[in-house]
Amino acid sequence: MPFDVRRFDIYRKVPKDLTQPTYTGAFISILCCVFILFLFLSELTGFIATEIVNELYVDDPDKDSGGKIDVSLNISLPNLHCDLVGLDIQDEMGRHEVGHIDNSMKVPLNHGAGCRFEGEFTINKVPGNFHVSTHSATAQPHNPDMTHTIHKLAFGEKLQVQKVQAAFNALGGADKLSSNPLASHDYILKIVPTVYEDLSGRQRFSYQYTVANKEYVAYSHTGRIIPAIWFRYDTSPITVKYTERRQPFYRFITTICAIVGGTFTVAGIIDSCIFTASEAWKKIQIGKMS
């Protein structure tokens, strides 16, 4: 007797003349196909889209920066002349720079009565501060008006990722125009290293930060201290990493198989129950008629 490979067929076919189509079965089959199509499209959308996974670890991710952090500052002082506005930088490594001018620009406002300061500079990865003040002016004003609006304060590379909710420009839009003109402003910043890794494995380094602030009029034994806008910073040892990922293809195929198989199985059970109940009801009706 020749070997018949059809013996291994676990999907035995039932002849059509032994099956019975019903309107209920047709309706359930159509609903089943529509439901499978809906779930398939939903899973396909999820497979094509990417997700952002974040993690925390202790490290300095940007070791090639030489211990430096790029800073971008844009601030307007509508009641202080540009000749009086300056940027000073100091930190715990001994840096003390008064009137920093590299990569900076002053734009007159209000017909010269005010000033917008835009600057890009670097700071060391140690506690320190940079402040906008009149300290570098040749002649100190008697009552400098430090009311201001901060348009931008950002650290590191600019990241524009819609799915990442982070405070890369936490002070952007800060409005202190209604403050006491003679008050100093302290912004205490905690800078957090941030890494973003895309699907190709390319990493970009930036920094987000939290901020607390206060304003005050300071005095010493010689009288009132000249006000300034202070940004006091410290870096966090914790790094936040955002990784862009896509669902593996094998998981997508597994999910599709589960959707198709599960839907057909459940639909078959429902159809079988309805058909059995219908046949039982018909027998009951025939019994009553007889």
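Predicted model: local features only at pLDDT ≥ 70, side-chain atom pairs only at ≥ 80, totals over all residues.
Let's start with the annotation. UniProt, in an unreviewed entry, puts a domain called "Endoplasmic reticulum vesicle transporter C-terminal" at residues 108-271.

Now the packing. The largest nonpolar core has 32 residues, and the ones touching the most other members are Ile123, Phe130, Leu153, Phe155 and Phe231. Which elements give two or more residues to this core? Those are β2 (68-77), β3 (86-91), β6 (114-124), β7 (128-133), β8 (149-156), β10 (184-197), β11 (203-216) and β14 (229-235). The largest share, five residues, is from β2.

Have a look at Phe130 if you've got the viewer open. Skipping neighbours within four places in sequence, Phe130 contacts a whole list of residues, including Val71, Leu87, Ile89, Phe121, Trp230 and Tyr233. Ile123, Leu153, Phe155 and Phe231 are on that list too, and so is one aspartate, Asp88.

There's also a second, separate core, with eight residues. Val161, Val164, Tyr196 and Val240 are among them.

Keep those names in mind for the cavity. What lines it? Leu159, Val161, Val164, Phe168, Thr194, Tyr196 and Tyr242 do. By type, that lining is six nonpolar, one polar and no charged. And Val161, Val164 and Tyr196 turn up both in the second core and in the cavity lining.

Methods: Residues numbered from 1 in each chain as written. Heavy atoms only, no water. 1 Å grid on protein atoms, 1.4 Å probe; cavity = no way out; pocket = protein on both sides within 12 Å on 5 of 7 lines; lining within 4 Å. Nonpolar A, V, L, I, M, F, W, Y, C, P; charged D, E, K, R; others polar. Core = buried A, V, L, I, M, F, W, Y, C linked by side-chain atoms within 4.5 Å. Buried < 20%, exposed > 50% of the residue type's maximum accessible area, 1.4 Å probe, protein only. Helix = DSSP H or I, 4+ residues; strand = E, 2+ residues; numbered from the N terminus. Contact = heavy atoms within 4.5 Å. UniProt positions renumbered as here; feature names shortened; annotations may be inferred.
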